[in-house]
Amino acid sequence: MTAFLSVTELGIGMGQDDQYRRIIDDISFEIGRGESVGLIGESGCGKSTVLRCIAGLNPDYDGEVALEGVQLRPRRRKLELRRMQMVFQDPYASLHPRKMVRDVLMEPLVVQKMDRSEERVSEVLDAVGLGSRFRYRFPHQLSGGQRQRVAIARCLVTEPEMLLLDEPTSALDVSVQAEILNLLMRLRHERNLTYLMVTHDLAVMAHVCSRIAIMHDGRIIEMISDRDIRDGRAQTPYGQDFLNAYRPG
Amino acid sequence: MDKPLLTIEDLHLVFGQGQNAVHAVRGVSFNVGREKVGIVGESGSGKSQTGRAIMRLSPSTVNIVAKKMDFDGIPLLQQTERQMRQIRGNRISMILQDPKFSLNPLMRIGDQVVEAYRVHHKVSRREARARALKMLDAVRIRDCERVFNLYPHEVSGGMGQRVMIAMMLIPEPDMIIADEPTSALDVSVRKQVLSVLDELLRQRGTALIFISHDLNLVAEFCDRVLVMYAGRVVEDIAARDLHKAIHPYTRGLLDSLPKLDQPRDVLSTLQRDPIWRDAPTIFHPREVR
(Lines give C-alpha, C1' and ligand atoms only; values in the text may rest on other atoms or scores of the structure.)
Protein backbone atom coordinates (compact mmCIF):
# COMPACT_ATOMS: atom_id res chain seq x y z
CA MET A 1 0.00 0.00 0.00
CA THR A 2 1.37 3.42 -0.85
CA ALA A 3 1.34 6.12 1.81
CA PHE A 4 -0.94 9.11 1.38
CA LEU A 5 1.90 11.62 1.50
CA SER A 6 5.50 10.67 1.02
CA VAL A 7 8.37 13.08 1.30
CA THR A 8 11.75 11.90 0.03
CA GLU A 9 15.08 13.63 0.59
CA LEU A 10 13.44 17.02 0.80
CA GLY A 11 15.94 19.86 1.08
CA ILE A 12 16.12 23.59 0.60
CA GLY A 13 19.14 25.86 0.49
CA MET A 14 19.44 29.61 0.83
CA GLY A 15 22.17 32.15 0.13
CA GLN A 16 24.84 32.14 -2.52
CA ASP A 17 28.46 30.88 -2.78
CA ASP A 18 30.10 30.88 0.63
CA GLN A 19 26.90 32.15 2.25
CA TYR A 20 25.06 29.04 1.06
CA ARG A 21 23.36 27.13 3.82
CA ARG A 22 21.00 24.17 3.86
CA ILE A 23 17.90 25.33 5.75
CA ILE A 24 16.42 21.86 5.64
CA ASP A 25 18.27 18.81 4.51
CA ASP A 26 17.47 15.22 3.59
CA ILE A 27 13.99 15.06 5.13
CA SER A 28 12.11 11.85 4.39
CA PHE A 29 8.91 10.58 5.94
CA GLU A 30 5.55 9.11 5.05
CA ILE A 31 2.04 9.73 6.33
CA GLY A 32 -0.82 7.29 5.87
CA ARG A 33 -4.35 8.45 5.07
CA GLY A 34 -6.16 9.60 8.19
CA GLU A 35 -2.98 9.70 10.23
CA SER A 36 -1.69 12.68 12.24
CA VAL A 37 2.01 13.37 12.28
CA GLY A 38 3.74 16.17 14.16
CA LEU A 39 6.98 18.10 13.77
CA ILE A 40 8.72 19.52 16.81
CA GLY A 41 11.99 21.32 17.31
CA GLU A 42 13.52 24.55 18.53
CA SER A 43 12.58 27.78 16.81
CA GLY A 44 14.54 28.15 13.60
CA CYS A 45 15.06 24.44 12.99
CA GLY A 46 13.01 24.47 9.78
CA LYS A 47 9.69 22.94 10.85
CA SER A 48 7.54 25.62 9.24
CA THR A 49 9.70 25.55 6.10
CA VAL A 50 8.97 21.84 5.70
CA LEU A 51 5.26 22.61 5.92
CA ARG A 52 5.57 25.41 3.37
CA CYS A 53 7.46 23.16 0.93
CA ILE A 54 4.76 20.51 1.17
CA ALA A 55 2.01 23.11 0.74
CA GLY A 56 3.74 24.44 -2.37
CA LEU A 57 4.44 27.86 -0.88
CA ASN A 58 8.19 27.34 -1.24
CA PRO A 59 8.60 25.97 -4.76
CA ASP A 60 12.40 25.95 -5.02
CA TYR A 61 13.07 22.82 -3.01
CA ASP A 62 14.85 19.68 -4.12
CA GLY A 63 13.75 16.14 -3.38
CA GLU A 64 10.33 14.67 -3.87
CA VAL A 65 6.86 15.26 -2.47
CA ALA A 66 4.31 12.70 -3.63
CA LEU A 67 0.59 12.34 -2.95
CA GLU A 68 -0.64 8.74 -3.17
CA GLY A 69 2.44 7.75 -5.14
CA VAL A 70 2.11 10.56 -7.69
CA GLN A 71 4.99 12.99 -7.59
CA LEU A 72 4.02 16.65 -7.32
CA ARG A 73 5.81 19.31 -9.32
CA PRO A 74 7.33 22.12 -7.25
CA ARG A 75 4.89 24.49 -8.95
CA ARG A 76 1.65 22.87 -7.89
CA ARG A 77 -1.31 22.50 -10.17
CA LYS A 78 -4.65 23.83 -9.02
CA LEU A 79 -6.11 20.41 -8.33
CA GLU A 80 -3.08 19.44 -6.28
CA LEU A 81 -3.33 22.62 -4.24
CA ARG A 82 -6.96 21.86 -3.54
CA ARG A 83 -6.09 18.59 -1.85
CA MET A 84 -3.82 20.14 0.78
CA GLN A 85 -4.61 23.27 2.76
CA MET A 86 -2.70 25.12 5.42
CA VAL A 87 -3.86 26.69 8.73
CA PHE A 88 -1.57 29.46 9.97
CA GLN A 89 -0.59 30.44 13.46
CA ASP A 90 -2.03 33.88 13.88
CA PRO A 91 -5.71 34.23 12.99
CA TYR A 92 -5.35 38.02 13.32
CA ALA A 93 -2.83 38.09 10.49
CA SER A 94 -4.15 35.38 8.20
CA LEU A 95 -7.56 36.87 7.33
CA HIS A 96 -7.96 39.84 5.01
CA PRO A 97 -9.19 42.70 7.23
CA ARG A 98 -11.48 44.19 4.58
CA LYS A 99 -13.09 41.00 3.35
CA MET A 100 -16.22 39.58 4.88
CA VAL A 101 -16.21 35.95 6.00
CA ARG A 102 -18.32 35.05 2.98
CA ASP A 103 -15.79 36.57 0.56
CA VAL A 104 -12.89 34.87 2.30
CA LEU A 105 -14.65 31.52 1.89
CA MET A 106 -15.85 32.22 -1.67
CA GLU A 107 -12.42 33.02 -3.06
CA PRO A 108 -11.01 29.47 -3.06
CA LEU A 109 -14.27 28.27 -4.62
CA VAL A 110 -13.96 30.75 -7.47
CA VAL A 111 -10.29 29.88 -8.00
CA GLN A 112 -11.05 26.17 -7.99
CA LYS A 113 -14.16 26.66 -10.15
CA MET A 114 -16.35 24.74 -7.72
CA ASP A 115 -20.12 24.68 -7.98
CA ARG A 116 -22.84 25.37 -5.36
CA SER A 117 -20.67 28.03 -3.77
CA GLU A 118 -23.32 29.62 -1.52
CA GLU A 119 -24.36 26.24 -0.15
CA ARG A 120 -20.78 25.20 0.38
CA VAL A 121 -20.08 28.36 2.40
CA SER A 122 -23.07 27.68 4.65
CA GLU A 123 -22.13 24.04 5.07
CA VAL A 124 -18.55 24.75 5.98
CA LEU A 125 -19.54 27.46 8.48
CA ASP A 126 -21.85 24.94 10.13
CA ALA A 127 -19.08 22.35 10.15
CA VAL A 128 -16.73 24.60 12.11
CA GLY A 129 -19.49 25.48 14.57
CA LEU A 130 -20.07 29.08 13.55
CA GLY A 131 -23.30 28.91 11.56
CA SER A 132 -24.15 30.85 8.41
CA ARG A 133 -25.17 34.00 10.29
CA PHE A 134 -21.43 34.70 10.49
CA ARG A 135 -21.07 35.06 6.72
CA TYR A 136 -21.51 38.84 6.65
CA ARG A 137 -19.06 39.59 9.44
CA PHE A 138 -15.66 41.23 9.03
CA PRO A 139 -12.65 39.73 10.83
CA HIS A 140 -12.55 42.61 13.35
CA GLN A 141 -16.05 41.62 14.46
CA LEU A 142 -14.82 38.16 15.46
CA SER A 143 -12.90 36.92 18.49
CA GLY A 144 -9.58 35.12 18.11
CA GLY A 145 -11.18 31.69 18.37
CA GLN A 146 -13.88 32.59 15.84
CA ARG A 147 -11.22 33.84 13.42
CA GLN A 148 -9.29 30.60 13.71
CA ARG A 149 -12.55 28.77 12.97
CA VAL A 150 -12.97 30.90 9.85
CA ALA A 151 -9.37 30.10 8.86
CA ILE A 152 -10.12 26.39 9.27
CA ALA A 153 -13.36 26.82 7.31
CA ARG A 154 -11.37 28.52 4.55
CA CYS A 155 -9.22 25.39 4.32
CA LEU A 156 -12.13 22.97 4.43
CA VAL A 157 -14.21 24.70 1.80
CA THR A 158 -12.14 23.16 -1.02
CA GLU A 159 -12.72 19.73 0.50
CA PRO A 160 -9.06 18.89 1.03
CA GLU A 161 -7.76 15.51 2.09
CA MET A 162 -4.97 16.91 4.19
CA LEU A 163 -4.46 19.88 6.50
CA LEU A 164 -1.07 21.40 7.27
CA LEU A 165 -1.31 23.00 10.70
CA ASP A 166 1.33 25.55 11.66
CA GLU A 167 0.93 26.25 15.41
CA PRO A 168 -2.85 26.42 15.03
CA THR A 169 -3.58 27.21 18.69
CA SER A 170 -0.54 28.99 20.07
CA ALA A 171 -2.03 32.48 19.61
CA LEU A 172 -5.22 31.51 21.44
CA ASP A 173 -6.29 31.41 25.08
CA VAL A 174 -6.24 27.97 26.71
CA SER A 175 -10.03 27.79 26.93
CA VAL A 176 -10.30 28.57 23.21
CA GLN A 177 -7.42 26.24 22.41
CA ALA A 178 -9.44 23.33 23.80
CA GLU A 179 -12.39 24.23 21.54
CA ILE A 180 -10.21 24.46 18.42
CA LEU A 181 -8.42 21.19 19.23
CA ASN A 182 -11.76 19.46 19.75
CA LEU A 183 -12.94 20.87 16.42
CA LEU A 184 -9.83 19.61 14.62
CA MET A 185 -10.22 16.15 16.14
CA ARG A 186 -13.91 16.00 15.20
CA LEU A 187 -13.26 17.13 11.62
CA ARG A 188 -10.52 14.57 11.18
CA HIS A 189 -12.89 11.88 12.30
CA GLU A 190 -15.81 13.06 10.16
CA ARG A 191 -13.86 13.70 6.97
CA ASN A 192 -11.00 11.22 7.36
CA LEU A 193 -8.49 14.05 7.11
CA THR A 194 -4.73 13.64 7.32
CA TYR A 195 -2.85 16.12 9.53
CA LEU A 196 0.71 17.34 9.59
CA MET A 197 1.11 19.67 12.54
CA VAL A 198 3.85 21.91 13.91
CA THR A 199 3.64 23.01 17.52
CA HIS A 200 6.01 23.63 20.41
CA ASP A 201 3.49 22.49 23.01
CA LEU A 202 4.24 18.85 23.81
CA ALA A 203 0.87 18.26 25.46
CA VAL A 204 -0.99 19.53 22.39
CA MET A 205 1.28 17.43 20.19
CA ALA A 206 0.63 14.24 22.14
CA HIS A 207 -3.09 15.00 22.13
CA VAL A 208 -3.37 15.31 18.34
CA CYS A 209 -0.57 13.28 16.76
CA SER A 210 0.33 9.61 16.91
CA ARG A 211 3.81 9.91 15.40
CA ILE A 212 6.12 12.86 16.03
CA ALA A 213 9.36 13.79 14.25
CA ILE A 214 11.97 15.68 16.26
CA MET A 215 13.84 18.15 14.07
CA HIS A 216 17.21 19.72 14.69
CA ASP A 217 19.19 21.97 12.34
CA GLY A 218 17.01 21.19 9.35
CA ARG A 219 17.04 17.41 9.76
CA ILE A 220 14.69 14.90 11.28
CA ILE A 221 16.78 13.18 13.91
CA GLU A 222 14.19 10.72 15.14
CA MET A 223 10.59 9.63 14.96
CA ILE A 224 8.77 8.92 18.23
CA SER A 225 5.23 8.07 19.27
CA ASP A 226 2.78 10.07 21.38
CA ARG A 227 3.39 7.50 24.13
CA ASP A 228 7.12 8.39 24.06
CA ILE A 229 6.27 12.08 24.43
CA ARG A 230 3.98 11.39 27.35
CA ASP A 231 6.71 9.33 29.03
CA GLY A 232 9.47 11.76 28.01
CA ARG A 233 11.45 9.07 26.22
CA ALA A 234 13.64 9.50 23.14
CA GLN A 235 16.42 7.44 21.59
CA THR A 236 18.95 10.09 20.63
CA PRO A 237 20.72 12.28 23.22
CA TYR A 238 19.49 15.45 21.51
CA GLY A 239 15.91 14.18 21.45
CA GLN A 240 16.13 13.36 25.14
CA ASP A 241 17.53 16.81 26.00
CA PHE A 242 14.85 18.41 23.90
CA LEU A 243 12.01 16.56 25.60
CA ASN A 244 13.45 17.36 29.03
CA ALA A 245 13.78 21.04 28.19
CA TYR A 246 10.28 21.38 26.74
CA ARG A 247 8.34 19.34 29.27
CA PRO A 248 6.32 21.51 31.59
CA GLY A 249 7.14 21.30 35.28
CA MET B 1 3.28 39.06 57.16
CA ASP B 2 5.16 42.34 56.87
CA LYS B 3 3.58 45.49 55.53
CA PRO B 4 2.58 45.14 51.88
CA LEU B 5 4.52 47.10 49.30
CA LEU B 6 1.56 47.72 47.05
CA THR B 7 -2.02 47.99 48.20
CA ILE B 8 -4.85 48.21 45.72
CA GLU B 9 -8.43 48.58 46.89
CA ASP B 10 -11.43 48.59 44.63
CA LEU B 11 -9.72 49.61 41.39
CA HIS B 12 -12.01 50.47 38.49
CA LEU B 13 -10.95 51.29 34.93
CA VAL B 14 -13.50 52.68 32.50
CA PHE B 15 -12.65 53.18 28.83
CA GLY B 16 -14.59 55.85 26.98
CA GLN B 17 -17.70 57.64 28.13
CA GLY B 18 -21.46 57.46 28.08
CA GLN B 19 -23.05 54.63 26.16
CA ASN B 20 -19.81 53.32 24.71
CA ALA B 21 -18.07 53.10 28.07
CA VAL B 22 -16.34 49.80 28.66
CA HIS B 23 -15.83 48.82 32.25
CA ALA B 24 -12.59 46.87 31.77
CA VAL B 25 -11.57 46.45 35.40
CA ARG B 26 -14.32 46.27 38.00
CA GLY B 27 -13.32 46.49 41.63
CA VAL B 28 -9.96 44.76 41.85
CA SER B 29 -8.30 44.63 45.27
CA PHE B 30 -5.03 42.98 46.21
CA ASN B 31 -1.82 43.45 48.13
CA VAL B 32 1.68 42.67 47.01
CA GLY B 33 4.46 42.17 49.53
CA ARG B 34 8.03 41.22 48.69
CA GLU B 35 6.86 38.19 46.76
CA LYS B 36 6.11 36.99 43.26
CA VAL B 37 2.45 37.40 42.39
CA GLY B 38 1.04 36.04 39.15
CA ILE B 39 -2.04 37.47 37.45
CA VAL B 40 -3.65 35.08 34.98
CA GLY B 41 -6.72 35.31 32.83
CA GLU B 42 -7.88 35.22 29.24
CA SER B 43 -7.32 38.04 26.80
CA GLY B 44 -9.65 40.87 27.70
CA SER B 45 -9.89 39.98 31.38
CA GLY B 46 -8.18 43.23 32.37
CA LYS B 47 -4.89 41.81 33.62
CA SER B 48 -2.61 43.97 31.47
CA GLN B 49 -4.66 47.08 32.11
CA THR B 50 -4.35 46.52 35.85
CA GLY B 51 -0.57 46.33 35.44
CA ARG B 52 -0.52 49.50 33.40
CA ALA B 53 -2.74 51.37 35.83
CA ILE B 54 -0.23 50.75 38.62
CA MET B 55 2.41 52.52 36.52
CA ARG B 56 -0.18 55.14 35.54
CA LEU B 57 0.48 54.23 31.92
CA SER B 58 -3.17 53.80 30.94
CA PRO B 59 -4.28 55.74 27.86
CA SER B 60 -5.63 59.20 28.61
CA THR B 61 -9.18 58.14 27.71
CA VAL B 62 -9.28 55.80 30.68
CA ASN B 63 -10.95 56.85 33.86
CA ILE B 64 -9.12 55.31 36.83
CA VAL B 65 -10.93 55.19 40.15
CA ALA B 66 -9.71 53.41 43.24
CA LYS B 67 -10.41 53.66 46.95
CA LYS B 68 -6.73 53.18 47.51
CA MET B 69 -3.71 52.53 45.34
CA ASP B 70 -0.66 52.94 47.54
CA PHE B 71 2.88 51.97 46.75
CA ASP B 72 5.16 52.00 49.79
CA GLY B 73 2.93 54.63 51.40
CA ILE B 74 2.75 56.81 48.27
CA PRO B 75 -0.79 57.31 46.92
CA LEU B 76 -0.11 56.67 43.22
CA LEU B 77 -3.29 58.25 41.92
CA GLN B 78 -2.55 61.57 43.61
CA GLN B 79 0.95 61.91 42.16
CA THR B 80 1.66 64.52 39.53
CA GLU B 81 3.18 63.44 36.24
CA ARG B 82 6.53 64.81 37.41
CA GLN B 83 6.38 62.83 40.64
CA MET B 84 5.36 59.71 38.70
CA ARG B 85 8.53 59.97 36.65
CA GLN B 86 10.51 59.58 39.87
CA ILE B 87 8.63 56.34 40.53
CA ARG B 88 8.53 54.81 37.07
CA GLY B 89 11.70 52.91 36.36
CA ASN B 90 13.24 53.93 39.65
CA ARG B 91 10.83 52.31 42.12
CA ILE B 92 8.54 50.27 39.84
CA SER B 93 9.57 49.11 36.39
CA MET B 94 7.96 47.11 33.68
CA ILE B 95 9.09 44.31 31.37
CA LEU B 96 7.00 44.05 28.23
CA GLN B 97 6.19 41.13 26.00
CA ASP B 98 8.33 41.47 22.94
CA PRO B 99 11.90 42.83 23.05
CA LYS B 100 11.62 43.55 19.31
CA PHE B 101 9.14 46.31 20.05
CA SER B 102 10.24 47.50 23.47
CA LEU B 103 13.92 48.22 22.75
CA ASN B 104 14.84 51.32 20.77
CA PRO B 105 16.00 50.01 17.39
CA LEU B 106 18.27 53.02 16.75
CA MET B 107 20.25 52.89 19.99
CA ARG B 108 23.03 50.54 20.95
CA ILE B 109 22.03 48.06 23.63
CA GLY B 110 24.62 49.29 26.12
CA ASP B 111 23.57 52.91 25.74
CA GLN B 112 19.97 51.99 26.51
CA VAL B 113 21.00 50.25 29.71
CA VAL B 114 23.25 53.19 30.65
CA GLU B 115 20.40 55.62 30.00
CA ALA B 116 18.05 53.65 32.22
CA TYR B 117 20.50 54.06 35.08
CA ARG B 118 21.52 57.67 34.48
CA VAL B 119 17.95 58.92 34.37
CA HIS B 120 17.63 58.15 38.05
CA HIS B 121 21.19 58.28 39.38
CA LYS B 122 23.71 61.10 39.04
CA VAL B 123 26.86 59.26 38.11
CA SER B 124 29.62 59.72 35.57
CA ARG B 125 29.42 58.13 32.15
CA ARG B 126 32.26 55.81 32.99
CA GLU B 127 30.69 54.54 36.18
CA ALA B 128 27.33 54.03 34.49
CA ARG B 129 29.06 52.07 31.75
CA ALA B 130 30.82 49.86 34.28
CA ARG B 131 27.51 49.23 36.03
CA ALA B 132 25.75 48.45 32.77
CA LEU B 133 28.42 45.92 31.85
CA LYS B 134 28.11 44.31 35.27
CA MET B 135 24.35 44.17 34.84
CA LEU B 136 24.62 42.56 31.39
CA ASP B 137 26.94 40.03 32.95
CA ALA B 138 24.41 39.42 35.73
CA VAL B 139 21.75 38.51 33.18
CA ARG B 140 24.23 35.93 31.86
CA ILE B 141 25.17 37.62 28.63
CA ARG B 142 28.56 36.21 27.74
CA ASP B 143 30.97 38.56 26.05
CA CYS B 144 29.10 41.62 27.34
CA GLU B 145 31.66 44.10 25.94
CA ARG B 146 30.66 43.01 22.44
CA VAL B 147 26.93 42.91 23.13
CA PHE B 148 27.16 46.40 24.67
CA ASN B 149 27.88 47.81 21.21
CA LEU B 150 25.27 45.84 19.27
CA TYR B 151 21.92 47.10 18.05
CA PRO B 152 18.71 45.31 19.12
CA HIS B 153 18.20 43.70 15.68
CA GLU B 154 21.56 41.97 16.02
CA VAL B 155 20.61 39.90 19.04
CA SER B 156 18.20 36.99 19.48
CA GLY B 157 14.81 37.28 21.19
CA GLY B 158 16.05 35.58 24.34
CA MET B 159 19.04 37.86 24.59
CA GLY B 160 16.88 40.91 23.86
CA GLN B 161 14.59 39.98 26.72
CA ARG B 162 17.57 39.55 29.04
CA VAL B 163 18.74 43.02 27.99
CA MET B 164 15.24 44.28 28.90
CA ILE B 165 15.58 42.64 32.31
CA ALA B 166 18.99 44.27 32.76
CA MET B 167 17.51 47.67 31.84
CA MET B 168 14.63 47.26 34.24
CA LEU B 169 16.75 46.03 37.14
CA ILE B 170 19.66 48.44 36.90
CA PRO B 171 17.91 51.34 38.71
CA GLU B 172 17.24 48.80 41.49
CA PRO B 173 13.46 49.13 41.67
CA ASP B 174 11.39 47.74 44.55
CA MET B 175 8.86 46.15 42.27
CA ILE B 176 8.76 44.85 38.71
CA ILE B 177 5.67 44.38 36.61
CA ALA B 178 6.31 41.79 33.91
CA ASP B 179 3.59 41.67 31.25
CA GLU B 180 3.89 38.36 29.37
CA PRO B 181 7.70 38.58 29.51
CA THR B 182 8.33 35.23 27.86
CA SER B 183 5.40 34.74 25.49
CA ALA B 184 7.44 35.80 22.45
CA LEU B 185 10.28 33.40 23.29
CA ASP B 186 11.01 29.81 22.44
CA VAL B 187 10.20 27.39 25.24
CA SER B 188 13.79 26.38 25.93
CA VAL B 189 14.91 30.03 26.09
CA ARG B 190 11.94 30.85 28.30
CA LYS B 191 13.26 28.73 31.17
CA GLN B 192 16.66 30.36 30.96
CA VAL B 193 15.23 33.91 30.99
CA LEU B 194 12.98 33.09 33.93
CA SER B 195 15.80 31.58 35.95
CA VAL B 196 17.89 34.74 35.39
CA LEU B 197 14.95 36.88 36.49
CA ASP B 198 14.25 34.69 39.51
CA GLU B 199 17.84 34.75 40.69
CA LEU B 200 18.15 38.53 40.44
CA LEU B 201 14.81 39.12 42.17
CA ARG B 202 15.80 36.84 45.01
CA GLN B 203 19.18 38.56 45.49
CA ARG B 204 17.60 42.00 45.68
CA GLY B 205 14.32 41.16 47.39
CA THR B 206 12.40 42.79 44.55
CA ALA B 207 8.67 42.20 44.36
CA LEU B 208 7.19 40.94 41.09
CA ILE B 209 3.80 41.08 39.43
CA PHE B 210 3.84 38.52 36.64
CA ILE B 211 1.05 38.89 34.12
CA SER B 212 0.49 35.90 31.87
CA HIS B 213 -2.15 33.76 30.24
CA ASP B 214 -0.15 30.62 30.94
CA LEU B 215 -1.47 28.99 34.12
CA ASN B 216 1.23 26.35 34.37
CA LEU B 217 4.03 28.82 33.94
CA VAL B 218 2.63 31.13 36.61
CA ALA B 219 2.02 28.26 39.01
CA GLU B 220 5.60 27.15 38.56
CA PHE B 221 7.24 30.54 38.83
CA CYS B 222 5.19 32.58 41.32
CA ASP B 223 4.34 32.34 45.02
CA ARG B 224 0.74 33.41 44.65
CA VAL B 225 -1.75 33.52 41.80
CA LEU B 226 -4.63 35.92 41.18
CA VAL B 227 -7.10 34.63 38.62
CA MET B 228 -8.94 37.39 36.74
CA TYR B 229 -12.19 37.03 34.86
CA ALA B 230 -14.15 39.83 33.18
CA GLY B 231 -12.33 42.59 35.06
CA ARG B 232 -12.46 41.04 38.53
CA VAL B 233 -10.23 38.83 40.61
CA VAL B 234 -12.19 35.61 41.03
CA GLU B 235 -9.64 33.63 42.97
CA ASP B 236 -6.57 34.38 45.08
CA ILE B 237 -4.56 31.26 45.76
CA ALA B 238 -1.04 30.10 46.69
CA ALA B 239 0.70 28.90 43.52
CA ARG B 240 1.47 25.47 44.88
CA ASP B 241 -2.21 24.96 45.75
CA LEU B 242 -3.41 25.86 42.26
CA HIS B 243 -4.57 22.31 41.63
CA LYS B 244 -6.87 22.74 44.66
CA ALA B 245 -8.54 25.81 43.12
CA ILE B 246 -12.31 25.80 43.62
CA HIS B 247 -13.67 28.58 41.43
CA PRO B 248 -15.36 26.96 38.42
CA TYR B 249 -13.54 29.35 36.07
CA THR B 250 -10.09 28.42 37.39
CA ARG B 251 -11.07 24.76 37.31
CA GLY B 252 -12.36 25.17 33.77
CA LEU B 253 -9.08 26.71 32.63
CA LEU B 254 -7.06 23.95 34.27
CA ASP B 255 -9.24 21.22 32.80
CA SER B 256 -9.16 22.61 29.28
CA LEU B 257 -5.38 22.09 29.02
CA PRO B 258 -4.32 18.89 27.32
CA LYS B 259 -2.17 16.96 29.79
CA LEU B 260 0.78 14.73 29.13
CA ASP B 261 -0.08 12.30 31.91
CA GLN B 262 -3.81 12.03 31.15
CA PRO B 263 -4.62 11.22 27.51
CA ARG B 264 -8.20 12.13 26.60
CA ASP B 265 -10.21 11.95 23.41
CA VAL B 266 -12.15 15.13 23.94
CA LEU B 267 -10.90 18.10 25.94
CA SER B 268 -13.36 19.70 28.30
CA THR B 269 -14.24 23.24 27.28
CA LEU B 270 -15.16 26.13 29.46
CA GLN B 271 -18.88 26.60 30.06
CA ARG B 272 -19.21 30.23 31.10
CA ASP B 273 -21.67 31.05 33.85
CA PRO B 274 -23.07 34.63 33.96
CA ILE B 275 -22.94 34.69 37.76
CA TRP B 276 -19.11 34.57 37.62
CA ARG B 277 -19.12 38.20 36.54
CA ASP B 278 -20.21 39.43 39.93
CA ALA B 279 -19.40 36.59 42.28
CA PRO B 280 -17.14 37.56 45.18
CA THR B 281 -13.45 36.68 45.14
CA ILE B 282 -12.56 33.36 46.66
CA PHE B 283 -9.67 33.83 49.06
CA HIS B 284 -7.65 30.89 50.17
CA PRO B 285 -6.19 31.03 53.64
CA ARG B 286 -2.45 31.50 53.50
CA GLU B 287 -0.12 30.12 56.10
CA VAL B 288 1.84 32.71 58.07
CA ARG B 289 5.46 32.80 57.06
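Trainee: Which strands of chain A does helix α1 (residues 47–55) lie across?

Mentor: This is a predicted model. In it, α1 of chain A lies across β1 (5–14), β2 and β4 of chain A, and runs at about 115 degrees to β1(A).

Trainee: In what order do the strands of that open sheet in chain A come, and what is the pairing?

Mentor: Strands of a sheet pair through backbone hydrogen bonds, either parallel or antiparallel. Here four strands form an open sheet in the order β2-β1-β4-β5 of chain A, and the pairing is antiparallel. Strand β4 (residues 62–67) of chain A is joined to β5(A) by two bridges in the antiparallel sense. Across from A:Gln71 in β5(A) stands A:Ala66.

Trainee: Where is A:Asp25 placed? Why does A:Asp25 count as partly exposed?

Mentor: A:Asp25 is in strand β2 of chain A. A:Asp25 has 18 C-beta neighbours inside 10 Å, and therefore counts as partly exposed; a buried residue would need 20 or more. Beyond its neighbours within four places in sequence, A:Asp25 is in contact with A:Gly11, A:Gly218 and A:Arg219. A:Glu9 is 16 residues from A:Asp25 in sequence, and their C-alpha atoms are 7.2 Å apart.

Trainee: At what angle do helix α5 (residues 144–156) and helix α6 (residues 174–191) of chain A pack?

Mentor: Two packed helices are described by the angle between their axes and the distance between the axes. For α5(A) and α6(A) the angle is about 20 degrees and the axes are 10 Å apart. α5(A) is therefore roughly parallel to α6(A). The crossing of the two helices is right-handed.

Trainee: Which residues of α5(A) and α6(A) meet?

Mentor: From α5(A) come A:Gly144, A:Gly145, A:Gln148, A:Arg149, A:Ile152 and A:Leu156, and they meet A:Val176, A:Glu179, A:Ile180, A:Leu183 and A:Leu187 of α6(A). By class, this contact has six nonpolar, three polar and two charged residues.

Trainee: Now chain B. How do helix α4 (residues 109–118) and helix α7 (residues 157–169) of chain B cross?

Mentor: Their axes come within 8 Å and cross at roughly 25 degrees. That angle makes α4(B) roughly parallel to α7(B), and the crossing is right-handed. On the α4(B) side the contact is made by B:Ile109, B:Gln112, B:Val113 and B:Ala116, and on the α7(B) side by B:Val163, B:Ala166 and B:Met167. Six of these residues are nonpolar, one is polar and none is charged.

Trainee: Which strands does α7(B) lie across?

Mentor: α7(B) lies across β7 and β8 of chain B, at about 175 degrees to β7(B). An open sheet of seven strands in chain B has the order β7-β8-β9-β3-β10-β11-β12, with mixed pairing. At its edges are β7 (92–95) and β12 (282–283) of chain B; each has a single partner strand, so one side of each lacks a neighbour in the sheet.

Trainee: In which sense do β7(B) and strand β8 (residues 175–179) of chain B pair, parallel or antiparallel?

Mentor: They pair in the parallel sense, over four bridges.

Trainee: Which way do the residues of β7(B) point?

Mentor: In a regular strand the side chains alternate between the two faces of the sheet. In β7(B), B:Ile92 and B:Met94 point one way, while B:Ser93 and B:Ile95 point the other way; all are buried.

Trainee: How many residues of helix α1 (residues 47–54) of chain B are buried?

Mentor: Seven of its eight residues are buried, and the helix is mostly covered. The buried ones are B:Lys47, B:Ser48, B:Gln49, B:Thr50, B:Gly51, B:Ala53 and B:Ile54. Just after α1(B), B:Arg56 has a positive phi of about 55 degrees.

Trainee: How many residues of chain B are in contact with chain A?

Mentor: In chain B 24 residues are in contact with 22 residues of chain A. On the chain B side, α8 (187–204), α9 (215–221) and α10 (248–256) each supply at least two residues. By class, that side has ten nonpolar, eight polar and six charged residues.

How values were computed
Residues numbered from 1 in each chain as written. Chains lettered and ligands numbered in written order. Predicted model: local features only at pLDDT ≥ 70, side-chain atom pairs only at ≥ 80, totals over all residues. Contact = placed C-beta atoms within 7 Å. Nonpolar A, V, L, I, M, F, W, Y, C, P; charged D, E, K, R; others polar. Pairing = 2+ DSSP bridges. Axes fitted to C-alpha atoms, helices over the stretch in contact; angles between N-to-C directions. Buried ≥ 20, exposed ≤ 12 C-beta atoms within 10 Å, placed from the backbone. Parallel < 35°, antiparallel > 145°, perpendicular 65-115°, else oblique. Left-handed = near helix turned anticlockwise from the far one by under 90°.
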